[in-house]
Amino acid sequence: MRAINVTQVDLFSLDTEGNEWKVLKSLDLNSFDFKSIMIEYFPDEPKKERMKKYLEEKGFQFAFDNRFDIFYIKK
């Protein structure tokens, strides 16, 4: 995103078939203005709770969970 000079993102959708937690924690959420984030997860994924806690600590508010994706919006 830096390479194309993007700093504001309305919707960031993360779907990496099992590596979502690794990608999420590597994002610099302070340098980019993500308005909302949607993350795919497997229903029995233990990392889901870690991802939810991390996003809440970074200033995002839980919006919904459809059993395959969690959706957060920036407070």
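## Sheet, helix and aromatic pairs

Four strands make up an open sheet of mixed pairing, ordered S2-S4-S6-S5; two strands pair if DSSP finds at least two bridges between them. The edge strands, pairing on one side only, are S2 (12-14) and S5 (60-65). This is a predicted model, in which local features need pLDDT of at least 70 and side-chain atom pairs pLDDT 80 or more, while totals for chains, interfaces and linings use all residues. Residues are numbered from 1 along each chain as its sequence is written, and side-chain values use heavy atoms, without hydrogens and water.

**Strands and helix**
- Helices (H or I, at least four residues) and strands (E, at least two) are DSSP runs, numbered from the N terminus.
- S5 and S6 (residues 69-74) run antiparallel and are joined by five bridges.
- Asp65 has Ile70 in S6 as its bridge partner.

**Aromatic rings**
- Rings of Phe, Tyr and Trp (its six-membered ring) pair if their centres lie within 6.5 Å; planes under 30 degrees apart count as stacked, over 60 as edge-to-face and the rest as tilted.
- By this rule there are five aromatic pairs.
- Trp21 and Tyr54 form an edge-to-face pair, because their ring centres are 5.6 Å apart and their planes stand at 90 degrees.
- Trp21 lies in helix H1 (residues 20-26) and Tyr54 in helix H2 (residues 47-57), 33 residues apart.
- Phe12, Phe32 and Phe34 are linked into a cluster by ring pairs.

**Burial**
- Buried means under 20% relative accessible area, exposed over 50% and partly exposed in between (1.4 Å probe, protein chains only).
- Trp21 is buried at 15% relative accessibility, and Tyr54 is buried with a relative accessible area of 15%.
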